[in-house]
Amino acid sequence: RGGESAALGVKLSCMFFDLVMFAKAPAILEGGGAGQPQGFTIAHCLVSVAEKSGQADATIKTTNLSKMWARMPARSKSNAVWLGNVDVEPQLDALSLDSSVGSLQPRFVNYGPSGVLTLKGRPFIPVEYASTLGTVDDLVLADLSKYRLIRKGGVETASSIHVKFIEGEMTLRAFYRVDGQAVPRAAVTPFKGSNTQSPFVTLATRS
């Protein structure tokens with residue numbers, strides 16, 4: 001039984017770690033900053049790109065991608081990644097086909113040899129905590145090197161047989177101390193040009 005208890009303890013620790021890490025990721029994206037990291041999608045430096053005039057609900061157009069890319073500073077483009085809900089992938093697949101006027105050429109929206117979808121040469125990473133298609137934050141362009149995450153140690157776990165002694169139960173707890181926020185305090189106006197730029201760019205609601 002000692003071996004089984006040890007194995008169960010290891011399994012529970014792994015489960016705690018996975019749950020804590022999952023809770024951290026949405027906070028980095030859209031956390032309110034009170035008792036959790038401040039998400040970069042509510043940071044003061046965030047740039048939001050408006051939908052195309054007359055654009056249908058719950059769609060993504062080539063114009064959306066081009067305008068988002070243009071609002072990313074040149075020095076951040078080599079680090080940028082596209083983060084989005086899996087619901088947006090069919091829209092992006094359609095853009096990878098040069099089948100009609102307005103479609104991007106395959107070199108801009110394409111699947112590489114390894115099956116990784118890239119937009120403007122940067123990888124698209126599906127994340128389940130992004131908003132669904134058509135709502136703000138369903139697709140985000142981000143240079144995550146401009147987000148500062150501070151941690152104090154790793155995931156700390158502890159157990160007690162005393163808290164629930166009368167019920168014959170063991171109590172488990174986990175701590176993970178972390179905070180973070182986007183580094184730029186505001187979007188930046190380029191030396192030449194009037195459109196502000198930011199390492200965090202999102203697409204406005206299309207619904």
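1. Ile-161 counts as partly exposed because its relative accessibility is 48%; the bands are under 20% relative accessible area for buried, over 50% for exposed and partly exposed in between, with a 1.4 Å probe and protein chains only. Ile-161 is in the loop that runs between strand 7 (147-160) and strand 8 (171-182). Together with Met-170 and Leu-172, Ile-161 makes a nonpolar surface patch of about 280 Å² accessible area. Patch residues have over 30% relative accessible area and no salt bridge, with like charges joined within 9 Å and nonpolar side chains (Val, Leu, Ile, Met, Phe, Trp, Tyr) within 5 Å. A salt bridge here is a side-chain nitrogen of Lys or Arg within 4 Å of a carboxyl oxygen of Asp or Glu.

2. A word on what you're looking at. This is a predicted model, where local features need pLDDT of at least 70 and side-chain atom pairs count only at pLDDT 80 or more, while totals for chains, interfaces and linings use all residues. Residues are numbered from 1 along each chain as its sequence is written, and side-chain values use heavy atoms, leaving out hydrogens and water.

3. Now the overall layout. The chain has three helices and nine strands, in the order α-β-α-β-α-β-β-β-β-β-β-β along the sequence. Those elements are DSSP runs numbered from the N terminus: helices are H or I with at least four residues, strands are E with at least two. Of the chain's 207 residues, 32% count as buried. Among contacts with a separation of 6 or more, 71% are between residues 24 or more positions apart, a contact being heavy atoms within 4.5 Å.

4. On to the rings. The whole structure holds three aromatic pairs. Phe-40 and Tyr-147 are edge-to-face, because their ring centres are 6.2 Å apart and their planes meet at 75°. That pair joins distant parts of the chain, with Phe-40 in the loop between helix 1 and strand 1 (47-49) and Tyr-147 in strand 7, 107 residues away. Both Phe-40 and Tyr-147 are buried. For the cut-offs, rings of Phe, Tyr and Trp (its six-membered ring) pair if their centres lie within 6.5 Å; planes under 30 degrees apart are stacked, over 60 edge-to-face and the rest tilted. Ring pairs also link Phe-40, Tyr-147 and Phe-200 into a cluster.

5. Ala-142, in strand 6 (residues 139-142), is worth a look here. With a relative accessible area of 0%, Ala-142 is buried. Beyond four places in sequence, its contacts include Phe-40 and Phe-200 from that ring cluster, and also Met-72 and Pro-199. The C-alpha atoms of Ala-142 and Lys-77 are 8.9 Å apart, though 65 residues separate the two in sequence.

6. Two lysines to finish. Lys-120 sits over the face of Phe-108, 4.7 Å from the ring centre; the test is NZ of Lys or CZ of Arg within 6 Å of the ring centre and within 35 degrees of the ring normal. Is Lys-24, at 16% relative accessibility, buried or exposed? Lys-24 counts as buried. Lys-24 belongs to helix 1 (residues 2-30) and, setting aside residues up to four places away, touches Leu-149, Tyr-176 and Val-178.

Terms used: Accessible areas come from the Shrake-Rupley method with a 1.4 Å probe; for residues, only the protein chains shown count as cover.
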